[in-house]
Amino acid sequence: MRRVMRRFLSAAGYEIFEAGDGEEALRLAPPERPDVILLDRQLPLLDGYGVLASLRDDPELGEVPVVLVTSHGEPDEVADGLTRGAHDYLRKPFEQQELVARVHAAMRTKALRDELRARNAQLERLVSTDLLTGLLNRAAVADHLRALVSRTQRHGAPLSVVLLDVDGIGEVNARHGHAAGDAVLKALAERVGHELREEDAAGRWSGDQILVVAPDTAADGVAPLIERLRGAAGVEPVAVAGERIAATVSAGAATWSEGDDAEALVRRAEQALAAGRRGGGRAGGES
């Protein structure tokens, strides 16, 4: 049976990987990541239904179309296989044209699923992204922070936030126009983003504010983080329409303590930012 399938499908241009029993199939599928699986119901060691159940439970292989190959053509057998998650059925004996057509149809189904998944991921990114800065938008970064606060409440992992406020953005808007102010904010967001670790997140919190969420960062790590972010933001003026506009940020930070929810944590960072400004500086620690 495998020789016949290999001959028919190879002639149609498909690359074939073969397994002689159900357990071998489950070992072979993850590294090869097939586009379609032709699965005989009657396999040694683990039958086709057992393999199908394991595939459907695998997050990496659960969406791969499975065509069950069987000599059983009764309607209840067909319905049972489809109910278990098979994409299609191929009855033995089969002709070359039918085999190739069913594999082609399954390939087309997978391609459509992959395209839909990619579009959904793109849509999710658009929904969660601030279009000007490319950072997370306020709703997305707030959701992320709430999830991390929940983790901290359960496991006690350190968590800090830094609220950055672009200095003098109103003056930039007044002197150079709002497009220049947007350009400054975008440039600073990019500079800040380059300083973050993979596990950190940053989002546009308000018009000219950026919230940085730093998991696994305790209070003694906040001051170095602020200095790094401020240094990156103000490393050089921002070039806008032939002009160079000086850009700096003020910062306020807070570290999670018992009883804090996400809103309380950000509120303390806002208070620290305000206190730093009142004190004549541009950085504030815990409020």
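Modeller: A pocket is an open set of points on a 1 Å grid over the protein atoms alone, where a 1.4 Å probe fits, with protein on both sides within 12 Å along at least five of seven lines; lining residues have an atom within 4 Å of a point. This is a predicted model: local features need pLDDT of at least 70, side-chain atom pairs pLDDT 80 or more, while totals for chains, interfaces and linings use all residues. Numbering runs from 1 along each chain as its sequence is written, and side-chain values use heavy atoms, without hydrogens or water.

Colleague: Which residues line the second largest pocket?

Modeller: Arg33 and Pro34 do, along with Glu60, Leu61, Glu63 and Val64. Lys110, Arg113, Asp114 and Arg117 complete the lining.

Colleague: How many of those are charged?

Modeller: Seven are charged (Asp, Glu, Lys, Arg). Three are nonpolar (Ala, Val, Leu, Ile, Met, Phe, Trp, Tyr, Cys, Pro). None is polar (the others, Gly among them).

Colleague: Which residues are closest to the centre of the largest pocket?

Modeller: Ile16, Phe17, Val36, Ile37 and Leu38, out of 32 lining residues. That lining divides into 22 nonpolar, eight charged and two polar residues.

Colleague: Which element gives the largest share of that lining?

Modeller: α2, with five residues. At least two residues each come from α1 (2-11), α2 (22-32), β1 (37-40), α3 (48-57) and α5 (96-128). Helices (H or I, at least four residues) and strands (E, at least two) are DSSP runs, numbered from the N terminus.

Colleague: How many helices and strands does the chain have?

Modeller: The protein chain has 10 of each, helices and strands. Its C-alpha trace spans about 85 × 50 × 30 Å along the principal axes.

Colleague: Back to Arg33. Where is it found?

Modeller: In the loop between α2 and β1. Arg33 is not a glycine, yet its phi is positive, about 45°.

Colleague: What phi does Asp216 have?

Modeller: About 60°, positive again, and Asp216 is not a glycine either. Asp216 lies in the loop between β6 (209-215) and α9 (222-233). Its relative accessible area is 45%, which makes Asp216 partly exposed.

Colleague: Which residues does a cis peptide bond join?

Modeller: Lys92 and Pro93, with omega about -10°. Pro93 is in the loop between β3 (88-91) and α5.

Key. Buried < 20%, exposed > 50% of the residue type's maximum accessible area, 1.4 Å probe, protein only.
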